[in-house]
Amino acid sequence: MTWTAPDVERGSRTDMACGEREMLDDWLKLRRVFLLRKCAGLTSEQLKTASVEPSNLTLLGLLRHMTEVERWWFREKFLHENLPELHITEEYEDGDFDLVADADAEADYAAFLAETAACDAAVADIDLDELADDPRAPTGKVSLRWIYIHLLEEYAQHTGHADLIRERIDGTTGA
């Protein structure tokens, strides 16, 4: 039987009068749902379909990339966990995008769900003002708040890409 990405409920809208942390959590979860909805109902091969030459951008590549991005910012960068790379190698710095031809889409989809759950749990009780060392930051520090905002920026950019890729695959539009 051919695996297809499951349907994902959009869920309810965020409480527009909630506190900052709840709002950031809700917006991040919604952005994740939008990416998963772009994958919903597609087979592994469809998820590996590139947008348009010469680009190698695929929905599976975007899903793998966002798995890496969340893992990197929340768990490695902020919490300083020493975790192995999921798709990136010395030879393939963009392995999340470049190495999808032989990838297991079902396993990568499950890895995205597991990693986002692990990230949520890892920072659930940490204040947004908490700082972590970041030698690349102008001040040498990065706040959890900044990471949330940066991830929302990443998802906004890449769900825009996902919109176009999905429309090219089967004509589906919308969130």
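The expected span of a helix is 1.5 Å times one less than its number of residues, a rule that is applied in the first of these close-up views of a predicted model.

**View 1. Helix α3, its length and its bend at Trp-72.** Helix α3 covers residues 59-78, and because each of its 20 residues is counted at 1.5 Å, the helix should span 28 Å, which agrees with the 27 Å that separates its end C-alpha atoms. Along its course the helix bends by about 35 degrees at Trp-72. Of the 20 residues of α3, 19 are buried, so the helix is largely enclosed by the rest of the structure. Just after α3 comes His-80, a residue with a positive phi of about 60 degrees.

**View 2. The salt bridge between Arg-32 and Glu-70.** Here the two side chains meet with a distance of 2.7 Å from N to O. Arg-32 belongs to helix α1 (residues 20-39) and Glu-70 to helix α3, so this pair ties together parts that are 38 residues apart in sequence. Arg-32 has a relative accessible area of 6% and is buried, and Glu-70, at 0% relative accessibility, also counts as buried, since buried means under 20% relative accessible area.

**View 3. Asp-134 in the loop between β1 and β2.** The loop that holds Asp-134 runs between strand β1 (131-133) and strand β2 (141-143). With a relative accessibility of 5%, Asp-134 counts as buried. Its side chain is joined to that of Lys-77 by a polar contact of 2.9 Å. When neighbours within four places in sequence are left aside, the residues in contact with Asp-134 are Trp-73, Lys-77, Gly-140, Lys-141 and Val-142.

**View 4. The salt bridge between Lys-141 and Asp-133.** The closest N and O atoms of this pair are 2.4 Å apart. Lys-141 is partly exposed, with a relative accessible area of 38%, and Asp-133 is partly exposed as well, with a value of 44%.

View 5. An α-helix has 3.6 residues a turn, so residues three or four places apart point the same way. Arg-166 is buried at 7% relative accessible area, whereas Asp-170 counts as partly exposed at 37%.

How values were computed
Residues numbered from 1 in each chain as written. Predicted model: local features only at pLDDT ≥ 70, side-chain atom pairs only at ≥ 80, totals over all residues. Heavy atoms only, no water. Helix = DSSP H or I, 4+ residues; strand = E, 2+ residues; numbered from the N terminus. Buried < 20%, exposed > 50% of the residue type's maximum accessible area, 1.4 Å probe, protein only. Polar contact = N/O pair within 3.5 Å; in protein donor to acceptor, adjacent residues only side chain to side chain. Contact = heavy atoms within 4.5 Å. Bend = angle between axes of the 7 residues up to and from the residue. Salt bridge = Lys/Arg side-chain N within 4 Å of Asp/Glu carboxyl O.
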